[in-house]
Amino acid sequence: MSRVEKKAPSVCTDLPLNNAEVCEKLHLMKELLKSCYGPRGRLKHVRNNIGGRVTTSSASSVILPALYSSQPLLNLIKTSVLNHISRFSDCGLFAGVFCLSLLEQARRHELRESLAIKVNKHCLSLCTSYLQRDDCACRVKIDFSSSQNLMTLAGSIISSKPACLLTEAEKLHISTMAVRAFLQTIPCSSPGPVTLGQTVTVTVRGLPVLDSAMFPGLLVETHDDFNQTDSSSELLRTVLFSTSLAGDLAELGDGTIEADPNLDTDLQILDQLLELGKQLVEDEVRLCVCQKVIHPVLQQYLRSHGVVVMERLGMALMEPLGTLAGTQPVATLHARIPSTAYGRVKNLSTKQFGFKTMLHLQADGEAAVCTAVLCHRNETMLDELKVVWRKTEDVLRLTLKEPSALLGGGCTETHLSAYVKHKGQQEASETAAGLRCSPAEFLLGVKVFCRSLDMVARSLEHDGGSSAMDLNHAHHWTVSANASEEDMAGGLGLCGCGLVENSSTEWTFLNTEYAEFCPAPLLGDSCRKPTVLDSFTAKVNALQVAVETANLALDVRYVIKDVN
Amino acid sequence: MPPSERLPLEQVLEIVSALEAVVLRSFGPEGGQVLFTRDTGQAMLSRSGTCILSALHLEHPLARVVVESVWKHSRGTGDGSKTFILLLASLLRGISKATSRGPSASHAYGFTEAAKAAAAPYFANKLLELVSSDLDDLIAVNVVPYGFCVSLEDFTTHSGRLLLASFFHTRVSHVHCSYLSELTCEMLNRWKYKSDLPYISFQFLSDNFPALHTPVSGFPVSSSRLIEGQVIHRDFATPCLPSKQQPVKVVVFTDYMQPILLSTGDVLKLGYGGGVTPESSIVHFSAWTERSLESVIAELQSLGVSLLLSAVKQSDAAVALATQAHMSLVECVSEEELSLFVQLSGVTPVSRGCTIQLEHVAALSFCRPILLGGHRYVQVAFCESPKSSKVNPCSLVICGPGEGQTDQYICAIRDAVCMLMTTWEPKHTSETTASRGTLQSDKGTASLDMTPTFQSTANKPYGLKKCVFEPGCVIPAGGTFEFLLSRALPNPSSDTNGLPSVSQLLANALLSVPRQIYSHSPKLFLQAQTRIMSLVQNPSNPFSLGLKESTPGPMVDLGLESVTCKYQLILAVVQCATSVLRVDTVLHTRTALHTQSKKHTIFSRASTEDEAED
């Protein structure tokens, strides 16, 4: 170190939530996340400062990493949401909007921080225990014997990201594919602990979305000219190498080797490799796959003996290929390859997708590996489609852990909010004593919590309309901006999740006061199916993470920022 | 002569008060958190005084010395860093007040400055004398009887839990205190060595803590839990899962399984003189290493081994051969985890070149992949063996929405274990503390006499002294200790100079702690004081019970705190105050690159050895 710079003293902010500048920034972030929320959310262009590629998205997993703030409190919230997304993929915007609303509402209602923390925690436990209850009216059981709810769940996720620019038919196509892929990765006939299979995703630009397809087995891109006549439906003996077959001997160590000038070590090694090749040919291997590089001479030798050679496969595809062929990779060059190390692959054929040529490998028997080929017209939309696909995949898998879903379209939020308000009012005096505050203070805290939940439901509307809730089931309805009084009296059609149709004539707008009531469950009215569903596991976790993060931010009294 | 800066008492006080202002935000039951971002952009949350102070990047050498002694103190006891600053500030304030008022009345006007300068070190020495000679007896006679001893069996009961809960109350967000203390209690119970002293198991936990926890972000705190056995923070290198056989046999490798033919610096000469023979071919050597690897695998197979743990990354060939032999391999296991594993399973690791025997094989009851957050790790559980039967090994999984929070909780639990260790320290401390002290002072430079003093302050205070209290002695929190001790300190009216006595100074400083605890309502302070005083006058009433019964609503028992920790805290504070007050000048030297320059800038004129050296 030639130069020593003096470290600058840290920048401190006392009571950050009382600081107008900090609040302004929090508000800005909330507005930004709100505008992305829902199927009619606004898209954002993300571009870096040196004019790199522009991404168009409304997904929190794309937008949040691109946001940079100098305010540590914002970064704290951002990381919490990102951590949630990395575990559950879904409900990132929900967590962000809810957390920021909690902070903003608490400040607007001048609620003491320590009290807000306690009440938030209490309301959260009310919500989670209600959601786990059997008679919870906003939860839907997922029945694996019918694909209806799975399709609805996949469809809601795909339509919540408008940047994919899909038509209704395309949405249906993609969600059917997603559900099929999910069902194919569950092995049917293995007792004991189940290992889920894998879906490998391949993207192709320039083809219509409806060309996207699912294939059992693996599609591996090849650049070599593969002779179509080689394709056959018989079983092919396969070998996998995880070590380099290029003739480098890395395992000898770091020492130096001095060779006699007359001695050609490269030739010796090549001889050894050809020896190996000879054994493969003798053992009637028809497909030779290597994770790393294969020496060109060896490749030529193998090809001339009718062996299909694939090199530079990469680490990511080794495991699915091993599962598909039912074998383990080989890494020894000198020993004889035991016959147990050979696997089998069926139906080698080539497929052409746009400009990509792919080799299609299929398993002999049932192996839970499949490939999804996603097509879209241009790269930006394809990127977003990939994000959504991955998210759908994760959410569908989460249903295996907890076979439930929550009503979408803001209905869960309004329902929970009405429930919490009702419960809070009922138990105000006891709970307030337990939390060591007055009942009035407690109710104010409950109001802040409910308002924040309502705020999330309201964020679904972006076209100037307003949000309403019926006073019977507490579901969420959107009223378009140009609707008149008569329109409202005549009924609003279906609620956000599509389960309730105009059953109540009593409405309240979501940003107004209303008398508490106990939201009634839907009785017997089972002919109607929900049209929008959200992931249960992801949403419950998002709810918890949002409240905990808000509590944390409320608890911060001092910010020290190292500016070096 | 380097540029120097006078360091009057007022300035010392100013510096310490500035530190106090930062710490006060998170002090006491109403305190909040401090968020700080490092220069790397990483955000951290903390209520720990030590973390907050060390994040400040202080410029002034004196402030740095204070922070360093706080750091050393809390590393030793795990507790009391915020109270440290608070006590120090009010002690210095008291001394400053006394010196500015006292002598001016009796001395001529012109001498005031000099007299003031002399008075502060005088107080400091007196204080040090007082605490080093009488403090332990004072506490033993006047404070300990009002507390009680918690035995380790109590950890399942109320008081042990209360001790932990009140510790967490000062360190993490309020809503998670009870959850964390339950979790910690459960962990301590499982790790309890039934035959040994509690201290031993705390020591073990504290030593192995890094290998015993896993932070997981993206989940709510309430998902934190204990899981059986040990978590090895690596994934399997081989795709296949361990076989279903019971028990799982495991071998630990510290080196490569495939022998390295040429280490750095070795030279292999090929083909000189002999012409081309099979032996001169490079392929021959490469084949030899592969054959010896095969023999190792065959040996393992004959022993029925199905799991290999390795400290290093093995070669591709080793991974492939192990996979084909249906063994699972876990590579790059950290040293800490491997040493814990070796301790718990009682196995001998295989090092380079030794043959594998039965003593190298350990048995596990299971070994399975475990998904924690975004990572897949390996969970192993140990079979009942004579060595491990005493404990029920478990690991801690700490969840939080972000990395900052999980780190905070982990820090808090680690410090809690450290605090318990101090509390249950056996009456005779071992020699290790003493030897550590001498080792540290060796590092100091001989030319400057203050360095050894600082180090002995900063080190565990009075390491040579025996611990005077029964292990596990606790007292109700919420200022009880401070009230009792301040009352017990001898109170002679004033000494001959008209200066207040040092014990009075200390008593006043002590009272500032409960005053700060009840800062939101002065009425509560008086109530608490009156209640404790009345209980002292009525000794028939068993104190610990009395407090709980007579407590009015809003301040139910604030929990318990450790007497030993409090005692060590006062010792450390007085030591720090003494060393700070003895300094009167800061010398700014020009050796900024020197690593120990921080200590060199502090220079004392007051010391006599200094003059002797000159």
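# A tour of chains A and B

Start with helix H14 of chain A, residues 439-458. This helix has 20 residues and reaches 28 Å from its first C-alpha to its last, close to the 28 Å expected at 1.5 Å a residue. Now show what surrounds the helix. Of the 20 residues of H14(A), 15 are buried, so the helix is largely enclosed by the rest of the structure. Keep in mind throughout that this is a predicted model.

**Zoom out to chain A**

Select the whole of chain A. Its 564 residues include 46% that count as buried. Color by secondary structure, and look for 16 helices and 20 strands. Taken along the principal axes, the C-alpha atoms fill a box of roughly 95 × 70 × 45 Å. How much of the contact in chain A with a separation of 6 or more comes from residues 24 or more positions apart? The share is 76%.

**Select A:148-159**

This is helix H6 of chain A, with 12 residues. From first C-alpha to last, H6(A) reaches 16 Å, close to the 16 Å expected at 1.5 Å a residue. Is H6(A) mostly covered or mostly uncovered? It is mostly covered, with 10 of its 12 residues buried.

**Select A:Ala474**

Stay in chain A and find the loop between strand S16 (466-470) and strand S17 (476-479), where A:Ala474 is located. Check the backbone here. Phi of A:Ala474 is near 60°, a positive value in a residue other than glycine. Is A:Ala474 buried or exposed? A:Ala474 is buried, because 27 other C-beta atoms lie within 10 Å.

**Cross to chain B**

Select both chains and show the contacts between them. On the chain B side there are 70 residues, in contact with 65 residues of chain A. Several elements of chain B each supply at least two residues to the side that touches chain A. The strands are S2 (33-37), S3 (43-46) and S9 (267-270). The helices are H9 (282-302), H10 (316-324) and H12 (403-423). Which of them gives the largest share? H9(B) does, with eight residues. Color this side of chain B by class, and there are 33 nonpolar, 26 polar and 11 charged residues.

Now hide chain A. Chain B has 21 helices and 18 strands. It has 614 residues, of which 46% count as buried. Among its contacts between residues at least 6 apart in sequence, 76% join residues at least 24 apart.

**Select B:Cys332**

Go to the loop between strand S11 (328-330) and helix H11 (335-345) of chain B, where B:Cys332 has its place. Phi of B:Cys332 is near 55°, again a positive value in a residue other than glycine. B:Cys332 counts as partly exposed, because 13 other C-beta atoms lie within 10 Å.

**Select B:Tyr377**

This residue lies in strand S13 of chain B, residues 375-382. With 19 C-beta neighbours inside 10 Å, B:Tyr377 counts as partly exposed. The cut-off for buried is 20 or more.

The separation is 7.7 Å, although the residues are 141 apart along the chain. Then show what B:Tyr377 touches, leaving out residues up to four places away in sequence.

**Last stop: B:480-488 and B:522-537**

These are helices H15 and H17 of chain B. Their axes come within 10 Å and cross at roughly 55°. That angle makes H15(B) oblique to H17(B). The crossing is right-handed.

Show the side chains where they meet. From H15(B), take B:Thr480, B:Phe483, B:Leu484 and B:Arg487. From H17(B), take B:Gln529, B:Ile532 and B:Val536. By class, this contact has four nonpolar, two polar and one charged residues.

Notes. Residues numbered from 1 in each chain as written. Chains lettered and ligands numbered in written order. Predicted model: local features only at pLDDT ≥ 70, side-chain atom pairs only at ≥ 80, totals over all residues. Axes fitted to C-alpha atoms, helices over the stretch in contact; angles between N-to-C directions. Helix = DSSP H or I, 4+ residues; strand = E, 2+ residues; numbered from the N terminus. Parallel < 35°, antiparallel > 145°, perpendicular 65-115°, else oblique. Left-handed = near helix turned anticlockwise from the far one by under 90°. Contact = placed C-beta atoms within 7 Å. Nonpolar A, V, L, I, M, F, W, Y, C, P; charged D, E, K, R; others polar. Expected span 1.5 Å × (residues − 1).
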